[in-house]
Amino acid sequence: MEASRMPVGIEFFERLRRSGCYYVDKSEMIMHAAGNGNMGVTLFTRPRRFGKTLTMSMLQSFFDITRDSRDVFEGLAITKHEDFCKEWMNQYPVLFLSLKDVEGYDYKKAYGRLKGRIANLCKEHSCLLQSEKVDADDRMVFLKLKSETADELQVEDSLLTLTRMLYAHYGKPAVVLIDEYDVPLSKAYDANMQPDHYLKMLSTIRSFLGGALKTNPYLQFAVLTGCMRISKESIFTGVNNFKSYSILDSKFSDAFGFTQEEVSRLLCAVGLSKKLTLVKSWYDGYIFGDSEIFCPWDVLNYVNDYVSLAEEGCEREPGNYWKNSSGNSIVDEFVKDERFDVSEKFETLMNGGCIEQAITDQLTYEELKEEEDNFWSVLFMTGYLTKADKNERGGVIHLKIPNAEISSIFEDSIVRRFKKSIDRDVQREVMQALWEKDERKASRLLSELLWNTISYHDYHENYYHAFVTGLVAGCGYEVDSNQENGLGRTDILIRDRKNRRAVIIEAKKAAKEGDLEKMCLEGKRQIIERKYIKGLKGYTQVICYGMSFFEKTAMARLLDMEEAETKEGSKRA
């Protein structure tokens, strides 16, 4: 195995093992998954990018009767349990179906994708068509499912039909693995464009899963994964021996994601042991049950990028991999929902504090927007928030933002909300004050705007840069942030090409309110020393400000151009 090869983007267990990539051994959970056998159904809910699909692929490889998986499991912890492996390894027919792509703007398109996934599943088991043990009527239905010509009832009963055919052919009940079972409902809820889309999909998924999971004599056991547990009354009514494990449960708490010990070993393997504290601040902090967990997607991507850039003589700083892997609409929805005033709670969280909230891991999508507590529950279950104390139990717990990566996602959503909610008259007033060199009025208006939006003070200057950039955007000017200019990068550059004038702003975050004036002077000094003004060619008027911020207070101080020229001249002399 090449220690430096990270399995970024590899979701298939056998491909990962045979490619020689680094693997964090989670194989012993196979025993526990099979422990709920005899028609038992186990549901694991975890946030996205915590290894659910890879785990399901591992289960498929271990149990599938059509494979010989001894080589891919060689050396892993599960092989130490010899009696279990002898009884279970490659001994059962397996149906493995992922529903993560079953989505669409309307029910017809999403339902068509479901039929396509079932058709692909049939193609993987085409041998059943040649089996003399399989009922002739089931073979006819199988052909319709495979060609996507089956009717609605045949589609809804398809898993039951396939398990019955597998049982007839192999003489053994089937193991059913359903990955991302809740995506069709989540996407139908998010689409929110076509009448009855969600209700139709709910009915379809309830019947589709119910046929296979409720008193099915051809089922050995089933495992499902998803981001959220849809309440049993909504989906799993009548399913016997049903077990559900969410991030609130101690059992299986370290089965998904990486523990600190596992991350330490991984970093050591690639010579990055000194980066543990940095990686921890960005990608750790999730409390699942009583375990502290790192997000594996982020850790693997960071290490992979770091190693790749190191070969080119560069160093990789931590970045946000999680937000780019999927949408973050739930945060945006919560921030902009005017029924709930969550400003103070968001400020507390973004300042590194905790909030106390009632949490449930059993909801239906129809209930998500009904109460504020439901929104917090969804943010918690989907990984945007986590428990502040791993020993805390009960329905009311303290929540916090887990790490720097998630903080940046909240920041992005809040800035977007601010940009959309800006009063255009106030926006024009701020710009007019800047053009007219009215530093007092600009300071007052900026402070009032900060008071009416969500801000925080533990996050360097990035938030305030984004705040000012968002404020002046859309006024008909060119606005650049961190633009190469003179001998450095200007924080904010506003250009009015039509009137050949520009505003340069150097923004600073003050440690306390009494430092606001000092930090404005520091911003003005930086403009002079780095010659930002000289980087602007052809503009007849350039107005410069040192700006400083402390929590919800802003200060703008105008740079006297004669003073700047005098200082520049004295340096040349």
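Biologist: In which strand is the place of Ile-494?

Modeller: Ile-494 sits in strand S12, residues 488-496. Helices (H or I, at least four residues) and strands (E, at least two) are DSSP runs, numbered from the N terminus. The model is predicted, so local features need pLDDT of at least 70 and side-chain atom pairs pLDDT 80 or more, while totals for chains, interfaces and linings use all residues. Residues are numbered from 1 along each chain as its sequence is written, and side-chain values use heavy atoms, without hydrogens and water.

Biologist: Is Ile-494 buried or exposed?

Modeller: Buried means under 20% relative accessible area, exposed over 50%, and partly exposed in between (1.4 Å probe, protein chains only). Ile-494 has 0% relative accessibility, so the residue counts as buried.

Biologist: What does Ile-494 touch, not counting residues up to four places away in sequence?

Modeller: Contact means heavy atoms within 4.5 Å. The partners of Ile-494 include Met-431, Trp-435, Val-472, Tyr-477 and Ile-505. Val-479 is 15 residues from Ile-494 in sequence, yet their C-alpha atoms are 4.7 Å apart.

Biologist: How do I read a charged residue such as Glu-405, in helix H18?

Modeller: Look for a salt bridge: a side-chain nitrogen of Lys or Arg within 4 Å of a carboxyl oxygen of Asp or Glu. For charge, Lys and Arg count as positive and Asp and Glu as negative; His and the chain ends are not counted. Glu-405 lies in H18, residues 404-421. Glu-405 is buried and has no salt bridge. Arg-48 holds the nearest side chain of opposite charge, 8.4 Å away.

Biologist: Which backbone nitrogen lies 3.0 Å from a polar atom of the Glu-405 side chain?

Modeller: A polar contact is a pair of N or O atoms within 3.5 Å; within protein, one must be able to donate a hydrogen and the other to accept it, and residues adjacent in sequence count only if both atoms are side-chain atoms. The backbone nitrogen of Tyr-321 is at 3.0 Å from the Glu-405 side chain. That side chain also reaches the backbone nitrogen of Trp-322 at 3.0 Å. Beyond four places in sequence, Glu-405 also contacts other residues, among them Trp-282, Tyr-283 and Asp-298.

Biologist: Which residues of helix H13 are buried?

Modeller: An α-helix has 3.6 residues a turn, so residues three or four places apart point the same way. In H13, residues 276-283, the buried ones are Leu-276, Val-279, Trp-282 and Tyr-283. They lie on the same side of H13 because their arc around the axis is only 135° (taken from the directions from the helix axis to the C-beta atoms). Gly-285 follows H13 with a positive phi, near 100°.

Biologist: How many salt bridges does the whole structure hold?

Modeller: The search finds 27. Asp-64 pairs with Arg-67, closest N and O atoms 3.0 Å apart. Asp-64 is buried at 7% relative accessible area, whereas Arg-67 is partly exposed at 28%.

Biologist: Where are Glu-429 and Lys-441?

Modeller: Glu-429 and Lys-441 form a salt bridge, with closest N and O atoms 3.7 Å apart. The pair links distant parts of the chain, 12 residues apart: Glu-429 in helix H19 (residues 424-435) and Lys-441 in helix H20 (residues 439-451).

Biologist: How many disulfides are there?

Modeller: A disulfide is a pair of cysteine sulfur atoms within 2.5 Å. The structure holds zero. Cys-122 is buried at 0% relative accessibility, and Cys-354 is partly exposed at 37%.
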